[in-house]
Amino acid sequence: MDESPQVEFRPQSAVLISTVVVITIMWWAVMIAAIALGATHLHSCPLEPNIPIYLIVFGVTSILSLTLTSTIKRWEKNSYAYILISSCMTLLHLFNFAWFIAGTCWVYPVYPPNYSPGGALYCHKAVYQLAFVFTTIVWVTIACTFICGCCFALLTCCGTITVRRRLIPNRGTFYGAIRGSSQDSAAGDV
């Protein structure tokens with residue numbers, strides 16, 4: 001007798017799979033570019049020396065997080081490896097969020113920087129622009145996700161209220177209510 005749990009497979013659409021693959025490849029490319037630009041121009045931003053470091057660390061941790069995300073599906077849910085990888089992913093995501101906040105504090109206050117290397121306080125143009133555009137795109141994505149989540153929650157609540165009104169139009173129509181009695185009855189009151 002086979003006692004293994006039955007695995008349910010849902011067919012995935014080709015569009016969904018293609019979109020996930022393309023977005024993952026683009027994210028890998030941006031993170032590799034961030035690591036390369038940050039490492040190449042590590043000392044080319046004396047205005048804010050943490051910007052190249054921000055790009056390097058965020059790129060490395062994002063690639064590590066993507067790698068763990070793609071390998072976690074190969075482990076059983078109750079195995080020690082699955083629990084270890086899940087814990088590492090959680091810590092990586094928390095660290096990435098904190099690092100992203102720190103990077104925001106380094107990138108936005110120096111806008112617009114001096115791009116000419118002749119001055120004492122300048123920042124390499126490609127390094128700063130990648131950090132600025134990347135940080136802005138991530139903030140816009142977070143804002144859109146939050147707004148869509150709030151709209152979904154609002155629609156869900158409105159749908160629940162509408163359904164409830166159709167099921168229970170008023171207090172006197174549910175089971176156990178006493179009609180025609182002028183006295184206050186405890187039956188049905190909560």
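These notebook entries record what I looked up on the cysteines and on one helix of a predicted model.

Basis. I number residues from 1 along each chain as its sequence is written, and I take side-chain values from heavy atoms, with hydrogens and water left out. Because the model is predicted, local features need pLDDT of at least 70 and side-chain atom pairs count only at pLDDT 80 or more, while totals for chains, interfaces and linings use all residues.

Entry 1, the disulfide. I looked for disulfides (a pair of cysteine sulfur atoms within 2.5 Å) and found 1 in the structure. C45 is joined to C123, with an S to S distance of 2.0 Å. I noted its position against the helices (DSSP runs of H or I, at least four residues, numbered from the N terminus). C45 sits in the loop between α1 (14-40) and α2 (50-71), and C123 in the loop between α3 (80-107) and α4 (125-167), so the bond ties together parts 78 residues apart in sequence. The S-S torsion is about -105°, so I recorded the disulfide as left-handed.

I used relative accessible area with a 1.4 Å probe and protein chains only (buried under 20%, exposed over 50%, partly exposed in between). C45 is buried at 2%, and C123 is buried at 1%. C151 is partly exposed at 43%.

Among the buried residues of α3 I listed W99, F100 and W106.

Notes
Helices (H or I, at least four residues) and strands (E, at least two) are DSSP runs, numbered from the N terminus.
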